[in-house]
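Here is a briefing on a predicted complex. Look at the model first, then read the points below.

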Amino acid sequence: MMRWLALMAVIAGVLAGMALPRPAAGNLTNHQLAVTINPPTLASGSSPTLTCGWHTACSNPPSAGIALDWDDENGNTGNPWHFRGYFYVSDANRTAFKMFPLVSQSGPGICDIMTVWITERHSGQLMAMPTFTHVNITSSTAFSWMGGPWTIYNSRQIGTTIDENDVNCSTGSHVHQSHVGWLPDKVATTTNTPLYPDGPTVCPANDPNATCGTFQNNNINYWIRRFAWAEGACQHAPGPC
Amino acid sequence: MTTRKLGATLLLVAALATVGFLAGRLLLSDDEGTEAQQPSVIDRLDALKTREAQQKAEPRFVGERLGIYIAPSLEEIPAEVRAEDDQLTAAGCAVIPAEQASAIDFPRPLGMPPGYALAEPDVEGSNPWAHACSGRPRLLGWRYSTTGAEGIPANVTIVRSLIRYDTQDVATSQVSTRVIGGREAVVIRPASPDGLAQRVLVYFPEPFGTTSIHTFNLSEAEVLKVAEAVAEATR
C-alpha cells in the first residue's frame with residue numbers, strides 16, 4: 001500500500017511538473033519594440049514624390065497590393081536608396097536592432113529585389129523583411145541601430161537604383177517598396193493606409209506615373225509600414241524560444 | 001493509524017510528489033537547453049556575412065560554362081555574347097500574356113516538388129509573366145513560394161529566355177557544372193549549404209537560350225530537387 005502511494009505521488013509530481021504552465025523562460029523582457037519604414041529615396045529631410053499608391057504592379061491601371069513607388073527626382077538611374085525609419089524601444093535608448101542587407105533576386109532578365117532583414121538582438125530572431133525593387137546593394141555590411149522610448153530616426157544608404165527597362169518591370173528610376181507577407185508570431189504589422197492612397201483610386205487610371213503627392217522622408221508621420229513586437233517573442237509559435 | 005503516523009505518511013507523499021515535480025521540470029528544461037544551444041538567426045547571418053566577405057576576396061567568376069556567360073556586370077560580358085539580345089531589345093520590349101510565349105514554354109508540364117505554390121503576382125503584374133521584343137517572345141517566368149531555411153519564406157523564380165548570359169558577382173569557387181536530372185547544368189552554389197538568406201542559381205542551356213532557376217533562402221539540396229523537376233520538364 002505504501003509503495004503504491006509513493007509511486008503514485010512521484011508520477012503525479014512528474015506529470016504536474018511537465019504539464020503546469022511555466023514562466024516566460026526569461027526570454028521575454030516585457031519590453032516592446034517597433035520599427036517604422038519611411039520613404040527610401042532622396043537624402044534625409046527631402047520630400048520624394050509618391051508615384052504609385054498601394055499596388056502590386058504599377059500597370060495601367062495599377063493592381064491593388066502592398067507596395068508603394070517612390071521617385072528619386074532624377075530621370076537617370078544610379079541614384080542612392082536608403083533603409084530608414086523610426087526605431088522604438090519601450091524601456092531605454094539602446095541598440096536593440098540589427099539589420100542585414102541581402103540580395104533576394106537579380107539578373108538581366110528579371111526584376112532585381114533587395115531585402116533588409118530586421119532582427120532583434122536580444123533573441124537573435126528575424127522579425128521583418130521589407131523589400132526594395134529596381135535597386136542594387138552597394139553596401140551589404142550588417143549594421144546595428146538604437147531605438148528608444150521616444151523613437152530614434154536612423155537612415156543608411158544601401159545601394160542605388162538600376163535600369164530595368166528591358167525587363168519590363170520598371171519605368172524610370174524609382175524604388176518599389178514592399179515587404180514579404182510573412183511575419184513571425186507575435187509581430188504585428190500595420191500599413192499607413194489612410195495616409196497613402198490606393199493606386200487605382202487616387203492616381204489617374206490612365207497615367208501610372210501620375211503624382212500622388214510628396215512626403216518628407218524623415219517625418220515620423222509619413223511611415224509606410226510599422227512592425228511591432230514584444231522583445232523576446234519567439235519566431236515559432238507557441239511559447240518562448 | 002495514529003495521527004503521528006498519518007502525518008509522517010502525508011509528509012512522505014508530499015516530499016515524493018515534490019521530487020517528481022522537480023524531475024518533470026528538469027526533463028523539460030533539458031529539452032529547452034538543447035534548443036537553446038542552436039545558433040540564433042543573427043549568429044548564422046553574422047557567420048554568413050563573414051563567409052561572404054572571405055569569398056569577396058576570391059577571384060570573381062568571368063567566363064562561359066555550357067554556352068552561358070556569367071560575369072559581375074554587363075560591361076564584362078563580351079559584345080559578341082550580348083549582340084543578339086542587344087539587337088532584339090533595341091527596338092523596345094512589351095509585356096505580353098504568358099500564353100503568347102508558348103514558343104519558349106516548357107515542352108512538358110513542370111511538376112514542382114511538394115510544398116511549392118505559384119506565388120501571388122508581384123511587380124511583374126502576373127504570374128506567370130512574359131515579354132516580347134521585336135515581336136518575339138524573349139522571356140517567360142514563373143515565381144513560386146515555399147517555406148525555406150528556419151521556417152522563413154523562400155522564393156523560386158524560373159525563367160525561360162533567349163538570354164544566354166547573366167550578371168552575377170560570384171567567386172570562381174561557387175560556379176560548377178554538374179548533371180541534374182540527366183541534363184548538364186551550371187550551378188552557382190551558396191556560401192553555406194543551408195542556403196539561409198542566400199541565393200542559389202541553376203542554368204540549363206537550351207536551343208533557344210536558357211532555362212534558369214533563381215532561388216532565395218532555400219537549401220542547396222532543396223534547390224537540386226527543384227532543378228531535377230525542371231530538368232524533367234525540359235528534357
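Two strands pair if DSSP finds at least two bridges between them. Helices (H or I, at least four residues) and strands (E, at least two) are DSSP runs, numbered from the N terminus. Strand β2 (residues 68-71) of chain B and β8(B) meet that test, pairing in the parallel sense over 3 bridges.

**Ground rules**
- This is a predicted model: local features need pLDDT of at least 70, side-chain atom pairs count only at pLDDT 80 or more, and totals for chains, interfaces and linings use all residues.
- Residues are numbered from 1 along each chain as its sequence is written, while chains are lettered from A and ligands numbered from 1 in the order in which they are written.

**Confidence**
- The predictor gives the complex an ipTM of 0.84 and a pTM of 0.85.
- Chain B has a mean pLDDT (the predictor's confidence in each residue, from 0 to 100) of 89, and 84% of its residues reach 70 or more.
- Residues 30-36 of chain B stay under 50 in pLDDT, and the model has 1 contact beyond four places in sequence for them.
- Two residues are in contact if their C-beta atoms, placed from the backbone, lie within 7 Å.
- Where pLDDT is low, the predicted coordinates should not be read in detail.

**Chain B sheet**
- An open sheet of 3 strands runs in the order β1-β2-β8 (chain B), with mixed pairing.
- Its edge strands, β1 (63-65) and β8 (165-167) of chain B, each pair on one side only.
- B:A71 has B:T167 in β8(B) as its bridge partner.

**Chain A**
- Chain A has 2 helices and 13 strands.
- Among its contacts between residues at least 6 apart in sequence, 74% join residues at least 24 apart.
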